[in-house]
Amino acid sequence: MKNEEMALLFSEATPYIQKYHGKTLVIKYGGNAMVNEELKLAVMNDLVTLTLLGVRVVLVHGGGPAINQMLNRVGKESKFVNGLRYTDKETMSIVQQVLAGQVNKDLVALLKGRGVGLCGLDGHTITCSRKSDVDLGYVGNVEKVDTTLIEHLLNDGFIPVIATVGMDENGIAYNINADTAAGAVAAALHAHKAIFLTDVDGLYKDFSDKDSLISNLTLDEVNEMLYGGEVDKGMIPKLRAAVDALTAGVFRAHIINGTTPHSLLLELLTDAGVGTVIHSTETAYEFDTHPHPLSTFAARLTENLDVVEKLQTV
């Protein structure tokens with residue numbers, strides 16, 4: 001790619017940079033999307049890039065595969081109820097050790113000095129109560145998110161990296177579903193967007209039909225799908241978290257494939273995007289589904305991902 005073409009490419013990015021400068025994005029990262037070390041580094045590099053462009057980035061992470069690995073190592077079987085981990089006292093100790101320790105600090109290290117690791121216990125950031133609608137042991141419902149610590153870090157230019165362990169008023173620790181926690185953090189921060197990185201391309205009308213990917217839908221349409229039982233069980237926590245965030249005032253929620261290189265940048269810097277966008281209102285939906293001239297930059301960015309990767313190594 002010639003220098004002149006590169007200069008033109010990034011001059012066309014200016015409207016996007018202006019659009020997101022100073023905005024808060026809450027990004028949920030976890031599950032199989034964070035297993036591959038090369039892809040994990042690419043995602044962290046994209047977060048650093050967004051921060052350098054003036055975006056206020058908050059990373060909320062799970063770590064199911066790492067937890068499973070540790071449980072297997074100590075000879076303890078993983079148990080799930082309706083897609084949620086059953087967490088007894090021994091498992092809770094391992095969850096806290098793995099999530100708030102190894103997984104959290106590994107992500108912080110990849111952020112090149114931009115990240116600060118937290119969990120919901122720090123500063124009593126996430127207050128929760130024991131989940132009561134189904135017996136899951138030490139699994140919590142989020143009751144409140146105190147954004148004080150998060151806001152301080154954002155104001156100082158850092159990326160808060162939040163492990164999803166919270167506690168109740170008595171200081172008892174609970175495991176929190178990472179999607180649920182991300183939605184609650186986005187709502188409390190009045191974030192511009194909540195973005196859920198997963199290992200599928202987005203929301204499908206029929207998961208067995210890969211041509212049925214839904215690119216755009218409204219909050220009302222998501223509620224209809226949830227109440228109608230039309231959603232694959234693995235997607236339910238993400239959609240419920242998105243609904244909570246949008247209901248609380250978050251503008252848009254995205255579900256994208258975190259195993260696709262630079263999917264985060266592509267979703268944010270294109271009109272059509274690469275995943276599913278859930279809009280808080282019909283007006284937002286209408287705006288996003290009618291392409292405008294900025295899509296020129298989007299197409300060129302897609303064609304020149306190698307340039308993005310080279311710049312991130314500088």
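**Salt bridges**

I began with Lys76, which counts as buried because its relative accessibility is 19%, under the 20% that sets the limit for buried. I note here that the model is a predicted one.

I then looked up the partner of Lys76 and found a salt bridge with Glu90, in which the closest N and O atoms are 3.5 Å apart. Glu90 belongs to helix α5 (residues 89-110), while Lys76 sits in the loop between α4 (64-73) and β3 (80-81), so the bridge ties together parts that are 14 residues apart in sequence. Glu90 has 47% relative accessibility and therefore counts as partly exposed.

Another salt bridge joins the side chains of Glu37 and Lys40, at 3.2 Å from N to O. Because these two residues are three apart in helix α3 (residues 37-52), about one helical turn separates Glu37 from Lys40. Glu37 counts as exposed at 52% relative accessibility, whereas Lys40 counts as buried at 8%.

**Helices α7 and α9**

I next asked how the axes of α7 and α9 cross. The axes of helix α7 (residues 178-189) and helix α9 (residues 236-247) come within 8 Å and cross at roughly 10°. That angle makes α7 roughly parallel to α9.

On the α7 side of the contact I listed Asp179, Thr180, Gly183, Ala186 and Ala187, which meet Pro237, Lys238, Ala241, Asp244 and Ala245 of α9. By type, the residues of this contact divide into five nonpolar, two polar and three charged.

**Positive phi values**

Last, I looked at two histidines in loops. His124, although not a glycine, has a positive phi of about 50°; His124 lies in the loop between β5 (115-119) and β6 (126-130) and counts as partly exposed at 23% relative accessibility.

His262 also has a positive phi, near 65°, and is a residue other than glycine. I found His262 in the loop between β15 (252-257) and α10 (263-268). Is His262 buried or exposed? With 3% relative accessibility, His262 counts as buried.

Technical notes:
Residues are numbered from 1 along each chain as its sequence is written. This is a predicted model: local features need pLDDT of at least 70, side-chain atom pairs count only at pLDDT 80 or more; totals for chains, interfaces and linings use all residues. Side-chain values use heavy atoms; hydrogens and water are left out. Helices (H or I, at least four residues) and strands (E, at least two) are DSSP runs, numbered from the N terminus. Buried means under 20% relative accessible area, exposed over 50%, partly exposed in between (1.4 Å probe, protein chains only). Axes are lines fitted to C-alpha atoms, for helices over the stretch in contact, and angles run from 0 to 180 degrees between N-to-C directions. Angles under 35 degrees count as roughly parallel, over 145 as roughly antiparallel, 65 to 115 as roughly perpendicular and the rest as oblique. Contact means heavy atoms within 4.5 Å. Ala, Val, Leu, Ile, Met, Phe, Trp, Tyr, Cys and Pro count as nonpolar, Asp, Glu, Lys and Arg as charged, and the others, Gly among them, as polar. A salt bridge is a side-chain nitrogen of Lys or Arg within 4 Å of a carboxyl oxygen of Asp or Glu.
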